[in-house]
Amino acid sequence: MINPITNYILFTRDEKCNWCDQLKEFLKENGITFQELVVGKNISRDEFVALLPSNIRPTVPQLFVFPWGSFSSNNNFGVGNVDNFKRIGGYEDAIAYFST
């Protein structure tokens, strides 16, 4: 049984993304609250890439847990803040994370 996380979960995607849509549906079906940001629209590609470890390709979907709550355009998403979140990963990683 999935225990929804009380903090906001950030799910990033770009348009026309089948894996993104499937992960969004999984999260919704399991009652997991998330805030969606579209790379290139709500967050720049550079900001998105800065969130990822250097050995991870900047692909979507990517799922993150932010301990302070939701992201807004007023948050400073600089490289100095990368310790403030936990990266869960892409579609397969996220399914595995919530299945344990």
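Tutor: Helices (H or I, at least four residues) and strands (E, at least two) are DSSP runs, numbered from the N terminus. This is a predicted model: local features need pLDDT of at least 70, side-chain atom pairs count only at pLDDT 80 or more, and totals for chains, interfaces and linings use all residues. Residues are numbered from 1 along each chain as its sequence is written, and side-chain values use heavy atoms, with hydrogens and water left out.

Student: Is Val-60 buried or exposed?
Tutor: Buried means under 20% relative accessible area, exposed over 50%, and partly exposed in between (1.4 Å probe, protein chains only). The relative accessible area of Val-60 is 19%. Val-60 is therefore buried.

Student: What distance separates the C-alpha atoms of Val-60 and Cys-17?
Tutor: Val-60 belongs to the loop between helix 2 and strand 3. Along the chain, Val-60 and Cys-17 are 43 residues apart. Their C-alpha atoms are separated by 7.8 Å.

Student: What pattern does the chain follow along the sequence?
Tutor: The chain has three helices and four strands. Read along the sequence, the pattern is β-α-β-α-β-β-α.

Student: Among contacts between residues at least 6 apart in sequence, what percentage join residues at least 24 apart?
Tutor: Contact means heavy atoms within 4.5 Å. The chain has 100 residues, of which 37% count as buried. For contacts between residues at least 6 apart in sequence, the share joining residues at least 24 apart is 63%.

Student: How do helix 1 and helix 3 pack: roughly parallel or roughly antiparallel?
Tutor: Axes are lines fitted to C-alpha atoms, for helices over the stretch in contact, and angles run from 0 to 180 degrees between N-to-C directions. Angles under 35 degrees count as roughly parallel, over 145 as roughly antiparallel, 65 to 115 as roughly perpendicular and the rest as oblique. Helix 1 and helix 3 pack at about 15°, with axes 10 Å apart. The two helices are therefore roughly parallel.

Student: Which residues in helix 3 meet helix 1?
Tutor: Helix 1 brings Trp-19, Gln-22, Leu-23, Phe-26 and Leu-27 to the contact. From helix 3 come Tyr-91, Ala-94, Ile-95 and Phe-98.

Student: How many aromatic pairs does the structure hold?
Tutor: Rings of Phe, Tyr and Trp (its six-membered ring) pair if their centres lie within 6.5 Å; planes under 30 degrees apart count as stacked, over 60 as edge-to-face and the rest as tilted. The number of such pairs in the structure is three.

Student: How far apart in the chain are Trp-19 and Tyr-91?
Tutor: Trp-19 and Tyr-91 form a tilted aromatic pair, 5.0 Å centre to centre, with 45° between the planes. This pair links distant parts of the chain: Trp-19 in helix 1 (residues 18-29) and Tyr-91 in helix 3 (residues 91-99). Their separation is 72 residues.

Student: Why does Trp-19 count as partly exposed?
Tutor: Tyr-91 counts as partly exposed, with 22% relative accessibility. Trp-19 counts as partly exposed because its relative accessibility is 47%.

Student: Which helices does the pair of Phe-26 and Phe-98 link?
Tutor: Phe-26 and Phe-98 form a tilted pair, 6.4 Å centre to centre, with 45° between the planes. Both residues are buried. They are 72 residues apart, and the pair links helix 1 and helix 3.

Student: How far apart in space are Glu-92 and Trp-19, C-alpha to C-alpha?
Tutor: Glu-92 lies in helix 3 and counts as exposed, at 64% relative accessibility. In sequence, Glu-92 and Trp-19 are 73 residues apart. C-alpha to C-alpha, the distance is 9.3 Å.
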